[in-house]
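Let's take a friendly tour of a protein model, one topic at a time. Keep the structure open while you read.

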Amino acid sequence: DLAFCNGVFHHIPKREREGVIRYIMNSLRPCGMFAMWENNPWNPGTRYVMSKIPFDRDAVPLSGPGARALMRSAGFRILRTDYYFIFPKSMRGLRWMEARLTPLPIGAQYQVLCRKG
């Protein structure tokens, strides 16, 4: 009914991603949902943090539009894409605005929610 992953696809070699997404698609029931969370490579803070974490240094980021295209190629129907974690702790006074800003590709992470079929 639901498949979920968080921070996985940037560790999967590009040439293998399509096969993995098709595997997920084939594992879901009809109308099943897939929620993919990934680091946003368009966010400079995310890129900086990833460069400092040993297991992320060689990772190949996947942008929100890239993730959406990958999911569409497997036959998923995109329901929404949201970007989260926009303001760091030092700017927490602005976090009240984040709910309105989730459509903009500025958050540290994003979620693409899609449905099979």
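This is a predicted model: local features need pLDDT of at least 70, side-chain atom pairs count only at pLDDT 80 or more; totals for chains, interfaces and linings use all residues.

Residues are numbered from 1 along each chain as its sequence is written, and side-chain values use heavy atoms, with hydrogens and water left out. Helices (H or I, at least four residues) and strands (E, at least two) are DSSP runs, numbered from the N terminus. Buried means under 20% relative accessible area, exposed means over 50%, and partly exposed is in between (1.4 Å probe, protein chains only).

**The core**

- A nonpolar core is a set of buried Ala, Val, Leu, Ile, Met, Phe, Trp, Tyr and Cys residues joined through side-chain atoms within 4.5 Å.
- The largest one here has 21 residues, and those with the most contacts inside it are Phe9, Ile21, Phe34, Met36, Met71 and Phe76.
- At least two residues of this core come from each of strand S1 (2–6), helix H1 (14–27), strand S2 (33–39), helix H3 (64–73), strand S3 (76–84) and strand S4 (109–116).
- As background, nonpolar side chains tend to be buried together in soluble globular proteins.
- Have a look around Met36: leaving aside neighbours within four places in sequence, Met36 is in contact with Cys5, Phe9, Ile21, Leu62, Ala67, Met71, Tyr110, Gln111 and Val112.
- Val8, in the loop between S1 and H1, is partly exposed at 35% relative accessibility.
- The C-alpha atoms of Val8 and Met36 are 8.6 Å apart in space, though the two are 28 residues apart in sequence.

**Helix H1**

- H1 has 14 residues and reaches 21 Å from its first C-alpha to its last, close to the 20 Å expected at 1.5 Å a residue. That expected span is 1.5 Å times one less than the number of residues.
- Which residues of H1 are buried? They are Arg17, Ile21, Ile24 and Met25.
- Seen down the axis of H1, these buried residues fall within an arc of 100°, so they line one face of the helix. The arc is that of the directions from the helix axis to the C-beta atoms.
- S1, S2, H3, S3 and S4 are among what covers the buried residues of H1.
- Arg22 also sits in H1, and is partly exposed with a relative accessible area of 34%.
- Arg22 touches Ser73 and Ala74, not counting residues up to four places away in sequence.
- The side chain of Arg22 reaches the backbone oxygen of Ser73 at 2.9 Å. This is a polar contact: a pair of N or O atoms within 3.5 Å, where within protein one must be able to donate a hydrogen and the other to accept it, and residues adjacent in sequence count only if both atoms are side-chain atoms.

**Helix H3 and its ends**

- Gly64, Ala67, Leu70 and Met71 are the buried residues of H3. They cover an arc of only 125° around the axis, which puts them on the same side of H3.
- What covers those buried residues includes H1, S2, S3 and S4.
- At the start of H3, a side-chain oxygen of Ser63 reaches to within 3.1 Å of the backbone nitrogen of Gly66.
- Ser63 lies in the loop between H2 and H3 and counts as buried at 16% relative accessibility.
- Just after H3, Gly75 takes a positive phi of about 100°.

**The cysteines**

- How many disulfides are there? With a disulfide being a pair of cysteine sulfur atoms within 2.5 Å, the count comes to 0.

Methods:
Contact means heavy atoms within 4.5 Å.
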